[in-house]
Amino acid sequence: MSLKDQITEDMKTAMRAKDMERLGTIRLLTAAIKQKEVDERITLDDMAVVGVVDKLLKQRKDSIEAFEKAGRQDLADKEKAEVTVLQVYLPARLSPEEILAEVKAIVAELGAKGPGDMGKVMGAVKAKLAGKAEMGQVSAAVKAALAG
């Protein structure tokens, strides 16, 4: 079963259970997927759907931070609940050590020497680790690998 099919089934289950918070988050995800498909005139595969989920998660985390700074814990809690629902659709994340090992292997494979090769390395790393790692951590690991 594809990830999109799984999301649709989960939406039906949430409707039957009258779980409005979960249903709202899944509908938001479905709308984001459909919007991307319409904008780019393509059908998204599982990796592209994971990319959409990643983007929504990043937005939620940024919102949580902003709401907590503004003293709006009620809104931050709502965003945290959405994060919990969205994380179900991501593959298992790599640990920082695993990320660094993957990055070092790619740097060696490409023969990258210094910070000037960051773009080339990031392109290859994004393709390989999309959905498996947060890109902020990946970027830090690439910088570390190219510096030393």
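This section describes the helices, packing and nonpolar cores of a predicted model.

Along its principal axes, the C-alpha trace spans about 55 × 40 × 25 Å. Of the 148 residues in the chain, 32% count as buried. Among contacts with a sequence separation of 6 or more, 58% come from residues 24 or more positions apart.

Two packed helices are described by the angle between their axes and the distance between the axes. For H1 and H2, the angle is about 150° and the axes lie 9 Å apart. The crossing of this pair is left-handed. On the H1 side, the residues that take part are Lys-4, Ile-7, Asp-10, Met-11, Ala-14 and Met-15, and they meet a set in H2 that includes Arg-22, Leu-23, Ile-26, Ile-33 and Glu-37. Sorted by class, this contact has 8 nonpolar, 1 polar and 5 charged residues.

In the loop between H1 and H2 sits Lys-18, with a phi near 55°, a positive value in a residue other than glycine. Lys-18 has a relative accessible area of 66% and is therefore exposed. The loop between H2 and H3 contains Arg-41, another residue that is not a glycine and yet has a positive phi, of about 55°. Because its relative accessibility is 78%, Arg-41 also counts as exposed. Beyond H3 comes Gly-71, with a positive phi near 75°.

Helix H3 covers residues 46-69, 24 residues in total, and reaches 35 Å from its first C-alpha to its last, close to the expected 34 Å. Its buried residues are Val-49, Val-50, Val-52, Val-53, Leu-56, Leu-57, Arg-60 and Ile-64. The cover over these residues includes helix H1 (3-17), helix H2 (20-40) and helix H4 (73-87).

Leu-3 is found in helix H1 and is buried, because its relative accessible area is 14%, under the 20% limit. Leaving aside neighbours within four places in sequence, Leu-3 is in contact with Asp-46, Val-49, Val-50 and Tyr-89. The second residue, Glu-79, is in helix H4. What is the relative accessible area of Glu-79, and is this residue buried or exposed? The value is 11%, so Glu-79 is buried. Not counting residues up to four places away in sequence, Glu-79 touches Arg-60, Ser-63, Ile-64 and Phe-67.

The nonpolar interior can be taken next. In soluble globular proteins, nonpolar side chains tend to be buried together. The largest nonpolar core here has 22 residues, and those touching the most other members are Ile-7, Leu-29, Ile-33, Val-49, Val-53 and Tyr-89. H1, H2, H3 and H4 are the elements that give two or more residues to this core, and H3 provides the largest share, with 7 residues. Ile-33 gives a handy view of the surroundings: beyond residues up to four places away in sequence, Ile-33 touches Lys-4, Ile-7, Leu-44, Val-49 and Val-52.

Apart from this core lies another, of 16 residues, among them Ile-99, Val-125, Val-142 and Ala-145. Val-125 is placed in helix H6, which runs over residues 118-129. With a relative accessibility of 0%, Val-125 counts as buried, because that value is under 20%. Leaving out neighbours within four places in sequence, the contacts of Val-125 are Val-103, Ile-106, Ala-130, Val-138 and Val-142.

Val-125 and Lys-34 are 91 residues apart along the chain, and their C-alpha atoms are separated by 27 Å. Leu-3 and Leu-129 are 126 residues apart in sequence and 18 Å apart in space, C-alpha to C-alpha.

Conventions. Residues are numbered from 1 along each chain as its sequence is written. This is a predicted model: local features need pLDDT of at least 70, side-chain atom pairs count only at pLDDT 80 or more; totals for chains, interfaces and linings use all residues. Side-chain values use heavy atoms; hydrogens and water are left out. Helices (H or I, at least four residues) and strands (E, at least two) are DSSP runs, numbered from the N terminus. The expected span of a helix is 1.5 Å times one less than its number of residues. Buried means under 20% relative accessible area, exposed over 50%, partly exposed in between (1.4 Å probe, protein chains only). Contact means heavy atoms within 4.5 Å. Axes are lines fitted to C-alpha atoms, for helices over the stretch in contact, and angles run from 0 to 180 degrees between N-to-C directions. A crossing is left-handed if the near helix is turned anticlockwise from the far one by less than a right angle, and right-handed if clockwise. Ala, Val, Leu, Ile, Met, Phe, Trp, Tyr, Cys and Pro count as nonpolar, Asp, Glu, Lys and Arg as charged, and the others, Gly among them, as polar. A nonpolar core is a set of buried Ala, Val, Leu, Ile, Met, Phe, Trp, Tyr and Cys residues joined through side-chain atoms within 4.5 Å.
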